[in-house]
Amino acid sequence: MPPVAPIHHGGQQAPSTFDKLKMGAMMGGSVGVIMGFIFGTVNIFRYGAGSQGIMRTLGQYMGASGATFGFFMGVGSVIRSDADPKLQELPNTGVIRYYNFTVSRGVIAPDGYQRDVLLINEAFPGPLIEANWGDTIQVTLNNNITGPEEGTALHWHGFLQKGTPWEDGVPSVTQCPVPPGKSFTYQFAASLYGSSWYHSHYSSQYAGGLSGPIVIHGPKSQDYDIDLGPVMLSDWYHEQYFDLVEKAMSPVQALTRFNSDNNLINGKGDFDCSQVTDGTPCTNNAGISKFRFERGKTHLLRLMNTGAEGLQRFSIDGHNMTVIANDFVDIQPYVTKVVTLGIGQRSDVLVKADGDLDAYWMRSNISACSNANQPYALAAIYYDDADTDIDPESTPWDVPDPLTCVNDDFSITEPVMELALPEPDLELDLELTIFQNASGNTLWALDGVTFRGNYNSPTLLLSNLGNYSFEPEWSVRNVSTAKSVRVNLFNNSPAPHPMHLHGFNMYLLHEGPGQWDNKTIIRPSNPQRRDVFLIRRGGHVVFQFDAASNPGVWPFHCHIAWHATAGLFTHFLADPEAVRDLKIPNVVAETCRQWGTWTDTNIPEQIDSGL
Ligand SMILES: [Cu+2]
């Protein structure tokens, strides 16, 4: 082990879990069928000292398995995958990556402040899922939530789920929740590669701990030496998620907006316990994440905003970053000092260890666009064998928060793999609003509809049966056989939102204040594509997706937990005839029967949208 573990799966209960997982992998626990295949020619498994913790699982095992036939990409290929089937042939490696996740309640103190949470295999963040492009990922989810019991489900953020929409993990849309005491096994293709995460899509459970990182190895568009692995940025609350959902749904307007308590990097951070007045156990200097750089080498950092609400502004003192991917899409590299990430967004950045000091602060600040009591997250980077007990003395870049609440301009984020914008055959205008309903609840709406799902009636299963009698509050938008759908979204609300579309990488056409001029498109020959975009207050984003390429029901929602909870969610039904033809495995209906049985005698406290 290197003296500084690159990944700290923080929380007092958690640190051993990652090692357990690693050992499991060594023994074959999470690596299934090994078909004698490695990405040898493109150096996917090139690890440095700093990455041993995360990468050795696969690297050592696959190195040991030895065989190197059946490679599918050209030697030295720099082409990366994307959503377009014309431009990629998803390889079938024949490898299945098995994971066994048990969800339960627990008590942890990631920042020193003790609180009740939900955990996966007793860890926060949850275990790393790691695979090669073209592998199959199989995750058995065991719901062991007791005291009280609660349903759950897991969503694999950013995966296309082409041909397998029932594996998307969204209760009331693609499945019934997994009831307490039951299990559900997800199985889906690692259809894209890069950095992502998974999280519960049941109410706002993931703000209570149910999330973890995903790394899919594939060809590289840029060279680097060392993969440092996930760098998860997340706001953190000291109250339980359900109490926060109750606040978000409160008829008292003043309660519906609340601040996060802290900001964590890879699940760790310090907290000033002198602020605790209610006797909750709290330890000062609980500890931060620490990373190791090798002087002169180029490091890959997989930045992920896995929080509930906070817009993150990430930087490293004294170092520029080269952004090479946004979400699952490689882009032409550009250099920046600050990377902005809305909830759900990822950016892969390269950092050359060319500083003069031996240690530097890594910082992530929650923007004033968000609501935070303590917005400043810190982690430390140590060069070579620098003493990790000594705090860095570096100073931050002076780059003020522009307060626009958006990502870098579309004009500078150009996909490596060129994909021209198709002509849309369906155009929609959507208006995002906030309002108070008759009972005084603050709710969000898209075109006047506030989403509320029915856990017992997933819209995918109904559509598969040809039953389109959806309730208006299920907010299903049937786009029929439209090949490419253009959406002009206007944010008529005083808050910015990270908007996420499932099942597609969206083409992003235009972003700005006020209304779109109905004509300007940034780089129509190759627009930016990603799966989450930020829309500013009183502004617009125009996006497009190739609906017919992926028959299913695909959520489009705000990724701020408290906004999705309060109804900022809709979903598109793409190609209903093809959805009727889907052969959905019996286990999906069986889970609904199990959920139905459980809800016969238990009433889930669905005070929110359910998502
Ligand atoms: Cu929102």
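Predicted model: local features only at pLDDT ≥ 70, side-chain atom pairs only at ≥ 80, totals over all residues.
Local features are reported only where pLDDT is at least 70, and side-chain atom pairs only at pLDDT 80 or more, whereas totals for chains, interfaces and linings use all residues. Residues are numbered from 1 along each chain as its sequence is written.

The protein chain contains 7 helices and 30 strands; these are DSSP runs numbered from the N terminus, with helices (H or I) of at least four residues and strands (E) of at least two. Of its 611 residues, 56% are buried, a residue being buried if 20 or more other C-beta atoms, placed from the backbone, lie within 10 Å of its own. Two residues are in contact if their C-beta atoms, placed from the backbone, lie within 7 Å. Among contacts between residues at least 6 apart in sequence, 81% join residues at least 24 apart.

Strand β12 (residues 298–305) has 7 of its 8 residues buried, so this strand is largely enclosed by the rest of the structure. Two strands pair if DSSP finds at least two bridges between them. With β9 (residues 226–236), β12 pairs in the parallel sense over 6 bridges, and Met 304 of β12 stands opposite Met 232. With β17 (residues 346–352), the pairing of β12 is antiparallel and covers 7 bridges; here Thr 298 stands opposite Lys 352.

Beyond its neighbours within four places in sequence, Phe 533 is in contact with Met 499, Met 506, Leu 508, Val 541 and Phe 543.

In helix α3 (residues 241–248), the buried residues are Tyr 241, Leu 244, Val 245 and Ala 248. The directions from the helix axis to their C-beta atoms cover an arc of only 105°, which puts these residues on the same side of α3. They pack against α5 (561–565).

A further 6 strands form an open sheet of mixed pairing, in the order β21-β20-β23-β28-β25-β26. Strands β21 (442–446) and β26 (528–530) stand at the edges with a single partner strand each, so one side of each is left without a neighbour in the sheet. Strand β20 (residues 426–436) pairs with β21 in the antiparallel sense over 5 bridges, and Ile 434 stands opposite Trp 444 in β21.

Technical notes
Buried ≥ 20, exposed ≤ 12 C-beta atoms within 10 Å, placed from the backbone.
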